[in-house]
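Hi,

Here is the model you were waiting for.

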Amino acid sequence: MEENSDTIWKDGRFGKSREISYYYDQKGQYDKKVEFREDTVKVLVEQHWDVINDRIEEARQKVLTGKASPIVFYMEKTLADPITVSMMSGISLWRVKWHFKPSVFKRLNEKTLKKYADGFNISVEQLKKIQ
Amino acid sequence: MEKNVIIDYKHRQAGHCESGTTSNLFNFYGIELSEPMAFGIGNGLYFSYIPFLKVMFAPMISFRNLPNTVFRRSMKYLGVDSTVIKKFDDPKESMIALDRNLEKGIPTGMQVGVYDLTFFPPEYRMHYNMHNMVCYGREDGLYHISDTVMEHPQVLSYKDLIRVRYAKGPFAPKGKMYWINNVKKDLDIKTAVSVGIKKTVYEMIKIPFPLLGVKGIRWISKDVKKWPKKFGNEKASFYLGQILRMAEEVGTGGAGFRYIYGAFLKEAGERYKNDELLASSDLMGKVANRWREFAYIGARNCKNRSEPKEDYGMLGDILHEIGGMEEIVYKKLDKIKI
């Protein structure tokens, strides 16, 4: 469970792991080397996380202005899509989508909220309001 | 019950999680089988493109086979006595089964979800449930894990291990575990190599469905050209980035595992003195280099997202060319007799 939602992906370990990459050289030899990631590949990783952080921020604004329910925010924060949320919480897909409306979310009972909270690995109080 | 067990298991880093795991397990039982060999015999190589299924908000594209294929097939083709337990209904039961195995001295492979793995590099964090790792010991409530993505062995607590083994989402692992019971000393690797190549060739060019294998590469090459008009530059570059991430990043084999497969062909060719295999290994190496080149060119578009530097039509043409190059390799492999 993470507390600080903004920069969790870029914590101290980001880009610090070395991994094997295979290559094929001019002489026709296959070989492998253990190294840090190249800059080209770093561009891809950064683009990926930039898009995801944008999505999280967008969802946060939507929830704060009352256009979406907190489930949308937590869905983006846990990198899930509606199908994954449905599988995590055990609630059918169309009901998950129905609960994206703030007015519907307000009327949800404790049992359903608990299911969502368990799926997202947070408490019910955290689910009800976002930072 | 809470006895400390640590099995003398050698951890080696590898490019692809499942073939690395398989090859490490073989090494534990005294059979020298390198990672590329396990990858080739177990049909690790694959290509599928499923535009209507979205993974991480982009069309699904995969360079690897379904989970557990590499282990299951390499055991079948080599004729090794092994056990795969597909699922446990009760998480506690699965942990008891794991403990029992450890006490018997059997290192046990498991399918896990990546999202909650605590030691995993944060940039790989996603709902991906087809990862494989081996548990080889228990000490004071901590489980010793050999994960082939990491450079060194890691530890996980009981609670975390249950959480990753019962990760939710598509392809949920449900506590799947597998291990080798015993290995004969004289394995018939030659036949296994031959059968493995036949199966890979079948999967890459002979399946009568347009989105799998070489046909899938051709299909995506057409789609890439349409992306900027259909979705706009931002989204097109995100989709392109996802393909490249799958090819270069996730699974870390590099260039869609074509390098590992080429290394397998080369090793097999040297072992059985087969020039045809060596020639196709050379071709495969060139295909892999072309994939990597494609990744480098495409990454420039990902850097400047709103104004693409490279033309998407040109990228599509490169993909089409790669499809043609791969088809030649598989047709060549189809005729080889080992």
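A bit of bookkeeping before that. This is a predicted model, so local features need pLDDT of at least 70 and side-chain atom pairs count only at pLDDT 80 or more, while totals for chains, interfaces and linings use all residues. Residues are numbered from 1 along each chain as its sequence is written, and chains are lettered from A and ligands numbered from 1 in the order in which they are written.

On confidence: pLDDT is the predictor's confidence in each residue, from 0 to 100. Chain B has a mean of 86, with 97% of its residues at 70 or more. For the complex, the predictor gives an ipTM of 0.77 and a pTM of 0.87.

Chain B

You'll find 11 helices and 9 strands here (DSSP runs numbered from the N terminus: H or I of at least four residues for helices, E of at least two for strands). The radius of gyration of chain B is 21 Å, close to the 20 Å from the globule rule for 338 residues, so chain B is as compact as a globular protein of that length. That radius is taken over C-alpha atoms, and the rule is 2.2 Å times the number of residues to the power 0.38. Along its principal axes, the C-alpha trace of chain B spans about 65 × 45 × 30 Å.

Of the 338 residues in chain B, 48% count as buried. Buried means 20 or more other C-beta atoms within 10 Å of the residue's own, exposed means 12 or fewer, and partly exposed is in between, with C-beta atoms placed from the backbone. Two residues are in contact if their C-beta atoms, placed from the backbone, lie within 7 Å. Among contacts in chain B between residues at least 6 apart in sequence, 71% join residues at least 24 apart.

Chain B is divided into domain 1 (5-33 + 81-182) and domain 2 (189-335), with bounds that come from an automatic or database domain assignment. The C-alpha centres of these two domains of chain B lie 29 Å apart.

Where the chains meet

The contact takes 38 residues from chain B and 31 residues from chain A. On the chain B side, α8, α9 (258-271) and α10 (275-303) each supply at least two residues, and α10(B) gives the most, with 9 residues.

Chain A

Chain A has 7 helices and 2 strands, and from the N terminus on its elements run β-β-α-α-α-α-α-α-α. Of its 131 residues, 31% count as buried. Residues 24 or more positions apart account for 43% of the chain A contacts with a separation of 6 or more.

Which residues of helix α3 (residues 82-89) of chain A are buried? They are A:Thr84, A:Val85, A:Ser86, A:Met88 and A:Ser89. What covers them includes α2 (70-77), α4 (93-98) and α6 (110-120) of chain A. Just after α3(A), A:Gly90 takes a positive phi of about 75°.

Last one: A:Gln126 is found in helix α7 (residues 124-128) of chain A. A:Gln126 is partly exposed, with 16 other C-beta atoms within 10 Å. A:Gln126 and A:Tyr74 are 52 residues apart in sequence and 9.9 Å apart in space, C-alpha to C-alpha.

Cheers
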